Amino acid sequence: MALLEINNLHARIEEQNILKGVDLTVGAGEVHAIMGPNGSGKSTFAAVLAGREEFEVTDGDVLYEGNDLLDMEPDERALEGVFLAFQYPVELPGVSMNNFLRQALNQQREHRGEEPLPAGAFLKRMRECAALVSLDPQLMSRSVNDGFSGGEKKRNEIFQLAMLEPRLAILDETDSGLDIDALRIVADGVNALRRSDRSFVVITHYQRLLNYIVPDVVHVMADGRIVRSGDKSLALELEEKGYDWIREEAVAA
Amino acid sequence: MSHPHALASLEASFVDAFEAHAGLLAKNGTGPAEALSFAAAPALRRQALNRFRDLGVPSRKNEAWKYTNIPEALAAGFAVSPADPPSDALPARWRDCLLPNLDAHLVVLVNGRFSSAHSMIGDLPEGVAICGLETAATVRPDILRRHLGRYADWETESLTALNTAFARDGLFVYVPKGTVLEKPIYALHLPAANERLFLQPRHLLVFEENAQARIVERCCGLDGEATFTNAVTEIFVGERAVVETYLVQDPGDEHSVVSTTHAYQEAASTFSTATITLDGKVVRNNLNVLPNAPHCETHLYGLFLPAGDTQVDNRTLVDHAKPDCVSNELYKGVLNDRASGVFNGKVFVRQDAQRINAFQENKTIVLNNEATMNAKPELEIYADDVKCSHGATTGQLDPEALFYLRSRGMSKRQAQGLLLHAFAGDILERISIEPLREMLDERVTRLFGE
């Protein structure tokens, strides 16, 4: 059974149809890249999978581990192992990283019938995961994302991914706005987290990230549909030719 | 109850009570009003009463009382008397109002009267006096003569006039020049009556030059019959004195409180105060600060967290009369259920008060469609070289922030609790008395879950 099976997914926000029939199957341990021009529906797709309420699913279905994902609240999805790395991580003044992560992690442990992690073990785990993405441990006593640099915010997302150990991680343009060094750090972090029972959906505008996170499958999204799928060479082709030919094909189809 | 006849009869009931007790109030010439400096006491009481009669019970027609209906709050009827001597019997649960781990000079006021049976003042530095106002009239008549009635404006505020007419007892604190009071004062105002009482405590806090002290006043509910408290507090902050006060209100949902504070600051003094309202029926706080000399620093913080049908109305005034002062004001509120909140903050910068830095901010989160908030920040500036800003925001919790937390596995309630706690934490973290901060932190956690 595939980890994630999406059939004919349609979604809209207010009166605007954005997803117009997405089909996608992701097997356990696979890395799928979704590329596409601005406005093609990539971020909406990520948002719908994570359960953002402003989007209305009008048709289609999403099976996650055989269960109806769309029927779950955002927190249920997270507890079942779905993780979204935000394109624009939210600042939470007054909520310390430490408290935030402890509560999130213990929620997940409780859901799995495990005891809360003892303070010592929690701190040790935090340090290890922070080191994975070279995140300054001092940030742990600060408010979540509050006053973090752009790069720190993105690394913080991958740090949380490492802490929460999801089975399906969706990375929404985690590379955008990162310089090449930061990109490498984030990619190395993600690669270190690849496991046979953890799948990734990596949404990106540029091929560059895929030099570092090598995908099993590359999909191209245009006008709310996946219009082409292939191996990693498809990403290089897109880089070379741009998105126009895809768009033309999408319109022609 | 806004009917003029009803109002008139309400006013008449205060006047009748005054006449009935006039003899008691004038007794032996030792009551605090007898020590008032600027008039013969019985005459002053009479004058204050007449002033009250002219001004009347504040109704909603009065702009300053637009959102808080005092006649309605009084409609159920309360016995007005200059308070009997306190009874030594209090329900055992009064101890729940104490703060574990707080090492403080404890003052207990039962129904507005100083209770020596429950107070534990402990050792005091030389010259410091902490007692009931009635006792102070005998012990430190000089201080009363110099300060009592000097700062509270009974000529224009009707409820202050009413309090002045009836004032008999309350909290008295005197810290002489150069003295540092290491331990905080914890003053508990316990409404604990078997009948519906109208209580009028009068507090006087005097901190002379270079004195330092911290005071927590808490109005803590013990069930019992409903009460209406009309409290007036006068605070004198002498030159270079550093004073921190807290007003914590959790009287219970049957009790109404109007608390009027007038603080007067001398040169280079620092006055910080936080008003924290957790419950109550109708709660109105009038906080007036007059930094009447250069280089004063003033901090006003507020946190109001009403639920149920609680109404909280905070009205503040910082009257910058002299140059080179700083004032900073931050009031935050979270309204739940059918609660209502009002913030009316005024900063006044007089013409000669140059180089003032004055900041004022009010932020409120409304959790429910039935809860309402009215915010009215006001700056009135007559000087030209000043830095002032003000702002007020009222809204819901940021849905983006809620989604972020939920996407990490937190339930809606947990995410909401975490965000509200962070919101209130902005005020809580400014509380320097750790056991008080811990108690409030716990209350906030209980209120919002997590």
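Q: Why is the meeting of the Glu73(A) and Arg406(B) side chains called a salt bridge?
A: In this predicted model, the side chains of Glu73(A) and Arg406(B) come to 2.7 Å, N to O. A salt bridge requires a side-chain nitrogen of Lys or Arg within 4 Å of a carboxyl oxygen of Asp or Glu, so the pair qualifies. Across the interface of chain B and chain A, the rule finds five salt bridges.

Q: What makes a residue pair between chain B and chain A count as a polar contact, and how many such pairs are there?
A: A polar contact needs a pair of N or O atoms within 3.5 Å, one able to donate a hydrogen and the other to accept it. Between chain B and chain A the count is 12 residue pairs, with both residues at pLDDT 80 or more.

Q: Which elements of chain B supply the side that touches chain A, and how are its residues classed?
A: Helices α7 (399-406) and α8 (412-428) of chain B each supply at least two residues of that side, and the largest share, six residues, comes from α7(B). The residues of the side of chain B that touches chain A divide into eight nonpolar, four polar and six charged; Tyr counts as nonpolar and Gly as polar under the classes used for this division.

Q: How do you know how much area chain B and chain A bury, and which residues of chain B supply much of its part?
A: The buried area is the accessible area that the two parts lose on being put together, summed over both, and for chain B and chain A this is about 1,900 Å², 59% of it on carbon and sulfur atoms. Phe403(B), Tyr404(B) and Arg408(B) supply 39% of the area that chain B buries against chain A, more than any other three residues. The contact takes 18 residues from chain B and 31 residues from chain A.

Q: What makes β9 and β10 of chain A a pair, and in which sense do they run?
A: Strand β9 (residues 168-172) and strand β10 (residues 199-204) of chain A share five bridges, where at least two are required, and therefore they count as paired, in the parallel sense. Within these strands, Asp172(A) stands opposite Ile203(A) in β10(A).

Definitions and conventions:
Residues numbered from 1 in each chain as written. Chains lettered and ligands numbered in written order. Predicted model: local features only at pLDDT ≥ 70, side-chain atom pairs only at ≥ 80, totals over all residues. Heavy atoms only, no water. Helix = DSSP H or I, 4+ residues; strand = E, 2+ residues; numbered from the N terminus. Contact = heavy atoms within 4.5 Å. Buried area = accessible area lost by both parts, 1.4 Å probe. Polar contact = N/O pair within 3.5 Å; in protein donor to acceptor, adjacent residues only side chain to side chain.
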